[in-house]
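The entries follow the order in which I looked things up.

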Amino acid sequence: MSDSVDGSAWSDAENDIIVADYFAMLVQEMAGKAAVKAHHNRGLVELTGRSRGSIERKHMNISAVLERLGLPRIRGYAPNVNFQNSLIAAIERHLSFSPWMEVKPESLREAVFNSSASLWIGPPPVVSPDDKKTTEALERLVRKFDPAERDARNRQLGRKGEELVFHHERQQLVASGRDDLARKVEWISEERGDGAGYDIASFAADGSLRLIEVKATNGSAKTPFYLSENERLFSEERPDVFVLTRLHDLSSQPRGFEVRPPLGRFLALHPLSYRAALR
């Protein structure tokens, strides 16, 4: 097929085709069935007349937009932020008529949430200049499909995240020879309800207290999240014991990182609402 159309702007029809194909591959990957990318690429070459390289780059552009939306992306297609507004519009059209914005944990592979599996906790990610690149169209799309609001609504996702951290804390203590402390780890939000300012009461191997607030997402490590005023205040009241554990990529390979007070060292905190009362 000739590459004569390469270098020209992608049409809405072409963008719609490649976005739909990307999500079809993503469905397979999330179900544990690796999509044969070469087969999909050849089909798109025939449909659009674009070169294989052009299609690969467009897949990477889609990954970049999905990362900003806190959605899972296809492994192997690293985000490339040089996306066009026409592609953002195509992604908006697809998401507006699909269930992707409400991915439920029960629809994911059960193996992902195996409580006996080890959970990798590393350092917070580094924010690069590319992470801050944006356009008016992208900002509007993120406002429409706010990933932080979506994750906050998804209580099942939050519970699964807390469950993973609860078992991880116990496993770490057992591995350190502190079975006595492992038996004392409490899942506070599950046993006593929300409102404490943290979800899990745990310990370090030396016996020091760890009060853990868990934030979970199916998106990447850089997906924004909501922090309540109660949680923020508690982090300031008990900075010696408060730990914020951010879990990400729950739909594929759950991982996480920890942030300790003062939270402003690592997080940009933006007030979103006011508590109003009559004067």
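Predicted model: local features only at pLDDT ≥ 70, side-chain atom pairs only at ≥ 80, totals over all residues.

**Entry 1**

I noted the crossing of α1 past α4 as right-handed.

I then listed the residues that meet there. From α1 they are D12, N15, D16, V19, A20 and F23, and from α4 they are S86, L87, A90, I91, R93, H94 and L95. Sorted by class, this contact holds seven nonpolar, three polar and three charged residues.

I next asked at what angle the axes of α1 and α2 cross. For helix α1 (residues 12-30) and helix α2 (residues 37-48) I found roughly 165 degrees, with the axes coming within 11 Å. The angle is over 145 degrees, and therefore α1 is roughly antiparallel to α2. The crossing of α1 and α2 is right-handed.

On the α1 side, I recorded E14, I17, I18, D21, M25, Q28 and E29 in this contact, and on the α2 side K37, H40, L44, L47 and T48. The residues of the contact of α1 with α2 comprise five nonpolar, three polar and four charged.

**Entry 2: R210**

I looked up R210 and placed it in strand β4 (residues 209-216). Is R210 buried or exposed? Its relative accessible area is 11%, and the cut-off for buried is under 20%, so R210 counts as buried.

I then checked which side chain R210 joins in a polar contact of 3.0 Å. The partner is the side chain of E169. Setting aside neighbours within four places in sequence, I found R210 in contact with E169, I200, A201, S202, F203, A204, V241, V243, E258 and R260.

**Entry 3: backbone details**

I turned to D249, which lies in the loop between β5 (242-248) and β6. Its phi is near 55 degrees, and I flagged this as a positive value in a residue other than glycine. With a relative accessibility of 15%, D249 also counts as buried.

Finally, I examined the peptide bond from P261 to P262 and recorded that bond as cis, with omega near 0 degrees. P262 belongs to the segment after β6 (255-259).

Methods:
Residues numbered from 1 in each chain as written. Heavy atoms only, no water. Axes fitted to C-alpha atoms, helices over the stretch in contact; angles between N-to-C directions. Helix = DSSP H or I, 4+ residues; strand = E, 2+ residues; numbered from the N terminus. Parallel < 35°, antiparallel > 145°, perpendicular 65-115°, else oblique. Left-handed = near helix turned anticlockwise from the far one by under 90°. Contact = heavy atoms within 4.5 Å. Nonpolar A, V, L, I, M, F, W, Y, C, P; charged D, E, K, R; others polar. Buried < 20%, exposed > 50% of the residue type's maximum accessible area, 1.4 Å probe, protein only. Polar contact = N/O pair within 3.5 Å; in protein donor to acceptor, adjacent residues only side chain to side chain.
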